[in-house]
Amino acid sequence: MRILFSFGLTGLMAAPALAADMEISIEVPKLDVAEYHKPYVAVWLEGPDKKVAANLAVWYDIANPKKEGDKWLKDLRQWWRRAGRELKVPADGLTSATRAPGGHTVKFDGTSAALKDLSAGQYELVVEAAREVGGREVLRIPLQWPPKEGTALSAKGEHELGSVAVNVKP
Amino acid sequence: MKSIIRTAVVLALSAVVPVAAHAHKAWLLPSSTVLSGTDDLAVTIDAAASNDLFYFDHRPLQLDSLVVTAPDGSKVAAENASTGKYRSTFDVPLKAPGTYRVALVMDNLFATYKDGGKEKRWRGKKENIAKEIPASATDLVVTQSTRRLETFVTAGAPDEAALKPIGAGLELEPVTHPNDLVEKSEAEFKLLLDGKPAPGVKIEIVRGGIRYRNQLGDATVTTDANGVFKYTWPEPGMYWLEASVEDDKATVEGAKQRRAGYAVTLEVLPE
């Protein structure tokens, strides 16, 4: 009976959360530097075990004429180690071109490919940016998924990222 | 009489001490250890011996014993190899994803002998010892010196086929993957001698970039009863790990002692 009970509980915990939305705003800062390249950016959700629970977005030089854009994906070091090196790029719904300085928004609903299998629990939204001949920066925002109520969270980068905000609602 | 005995004792002692400690550090230095992409991937690797890591300012290493193992276990031919005054250099094409093992495997003999009343030293390959040491030599003591220098490079996801132990001499069996090393995190390795755990062996660990700091800042760890050692990388960088043992398990006829050395260059990335 006890086995049945705990089994039931695990099943409940693992149930994917469908009806919820996540909107992520990422500011690519305008930098006054001698040589500027738009940053590579990776966005993912990480569980307490430091494993990637959901890959949300990867911006890289996807249309590089020499097909060399993927050579620098490794510079997104944390993402590369935790997820990138196991993935094939380009990947539909995940990879896209780098973004110019300014604000950019990516939206997901609970039924999207990235989130539909995500178990309920505590996560960190991780945004990593790496710029050719520039620096690298990683921002982390803890969040609960699915959200019990509408929540706005944010973090501020210091050099490679501007403000990063995430709005989740049930 | 006393002094004769003392001389004899000194001679006997010097006979079992290795001819020379390695005065310089020998190393391989890869241009990258972690690579992404698939198109036309390669690394360039320098091979040199020097006091300061990783600066090529003393002498190049010969590449005749270079062995590069691909992720599928096959051997890869190095390209564009050349040897200059201070370093050798070569390219390794990475045609398939996975982990590559790059090794220089040296197997030499050292000998001390007397000829015409003079103490002589010889160093070379086993096939040359007979013709290069005169027949009139006496008190010949031959020591075998095997040394494996390695580094590892991974294109895409790391794998383990190329990491399988060779089973000869001193070598490292990774527990933590050698291309998955991050600052402030602990890595674990096993040291093997002839394929078996090597307990109680000291490993020297030095981070590169010595020229621009005042202290060597090296660390020493010792393998446990299972040949295992662990180390937490204090900061990112290119590290050099070295160990050597001496025993009487020489595999060359006529050699009584064996010195087996291992050194590896490992890159530790920032978190």
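Predicted model: local features only at pLDDT ≥ 70, side-chain atom pairs only at ≥ 80, totals over all residues.
User: Where in chain A is the place of A:P146?
Analyst: A:P146 is in the loop between β7 (136-145) and β8 of chain A. Helices (H or I, at least four residues) and strands (E, at least two) here are DSSP runs, numbered from the N terminus. Residues are numbered from 1 along each chain as its sequence is written, and chains are lettered from A and ligands numbered from 1 in the order in which they are written.

User: What kind of peptide bond joins A:W145 and A:P146?
Analyst: That bond is cis, with omega at about 0 degrees. For background, most residues other than glycine have a negative phi, and most peptide bonds are trans.

User: And in chain B, which residues does a cis peptide bond join?
Analyst: B:L53 and B:F54 are linked by one, with omega about -10 degrees. B:F54 belongs to the loop between β3 (42-50) and β4 (59-60) of chain B.

User: What about phi at B:N80?
Analyst: B:N80 isn't a glycine, yet its phi is positive, about 55 degrees. You'll find B:N80 in strand β7 (residues 79-83) of chain B.

User: Is B:N80 buried or exposed?
Analyst: B:N80 is exposed, since 11 other C-beta atoms lie within 10 Å. The cut-offs: buried takes 20 or more other C-beta atoms within 10 Å of the residue's own, exposed is 12 or fewer, and partly exposed is in between, with C-beta atoms placed from the backbone.

User: OK, and what is phi at B:K184?
Analyst: B:K184 has a positive phi of about 65 degrees and isn't a glycine. B:K184 is in the loop between β12 (170-174) and β13 (186-193) of chain B, and counts as exposed with 12 other C-beta atoms within 10 Å.

User: Back to chain A. How many helices and strands are there?
Analyst: Two helices and nine strands. Along the sequence the pattern goes α-β-β-β-α-β-β-β-β-β-β. Of the 170 residues in chain A, 35% are buried.

User: What order do the strands have in the open sheet?
Analyst: The open sheet has four strands in the order β5-β1-β9-β8 (chain A), with antiparallel pairing. Strands pair when DSSP finds at least two bridges between them. β5 (102-109) and β8 (151-156) of chain A are at the edges with a single partner strand each, so one side of each has no neighbour in the sheet.

User: How many bridges join β8(A) to β9 of chain A?
Analyst: Six, and β8(A) runs antiparallel to β9 (residues 163-169). The two form a hairpin with six residues between them. Across that pairing, A:A152 is opposite A:N167, and A:A155 has A:V164 as its bridge partner.

User: How many buried residues does β8(A) have?
Analyst: Zero among its six residues, so β8(A) is hardly covered.

User: New topic: where is A:R99?
Analyst: A:R99 is in the loop between β4 (95-97) and β5 of chain A. A:R99 counts as partly exposed, because 16 C-beta neighbours are inside 10 Å.

User: Which residues is A:R99 in contact with?
Analyst: Leaving out neighbours within four places in sequence, A:V28, A:K38, A:W59 and A:H104. Contact here is C-beta atoms, placed from the backbone, within 7 Å. A:D109 is ten residues from A:R99 in sequence, and their C-alpha atoms are 22 Å apart in space.

User: How many residues does the largest nonpolar core have?
Analyst: It has 51 residues, and B:W27, B:L28, B:V92, B:Y100, B:L191 and B:A263 have the most contacts inside it. Strand β19 (residues 255-268) of chain B gives the most to this core, six residues. A nonpolar core is a set of buried Ala, Val, Leu, Ile, Met, Phe, Trp, Tyr and Cys residues joined through C-beta atoms within 7 Å. A second, separate core of 40 residues includes A:I26, A:V52, A:Y60 and A:A130.

User: What does B:Y100 touch?
Analyst: Not counting residues up to four places away in sequence, its contacts include B:V68, B:P71, B:V92, B:F152 and B:A162.

User: Last one: how many residues does the contact take from chain A and chain B?
Analyst: Twelve from chain A and eleven from chain B. The chain A side that touches chain B has two nonpolar, one polar and nine charged residues. Ala, Val, Leu, Ile, Met, Phe, Trp, Tyr, Cys and Pro count as nonpolar, Asp, Glu, Lys and Arg as charged, and the others, Gly among them, as polar.

Key: Contact = placed C-beta atoms within 7 Å.
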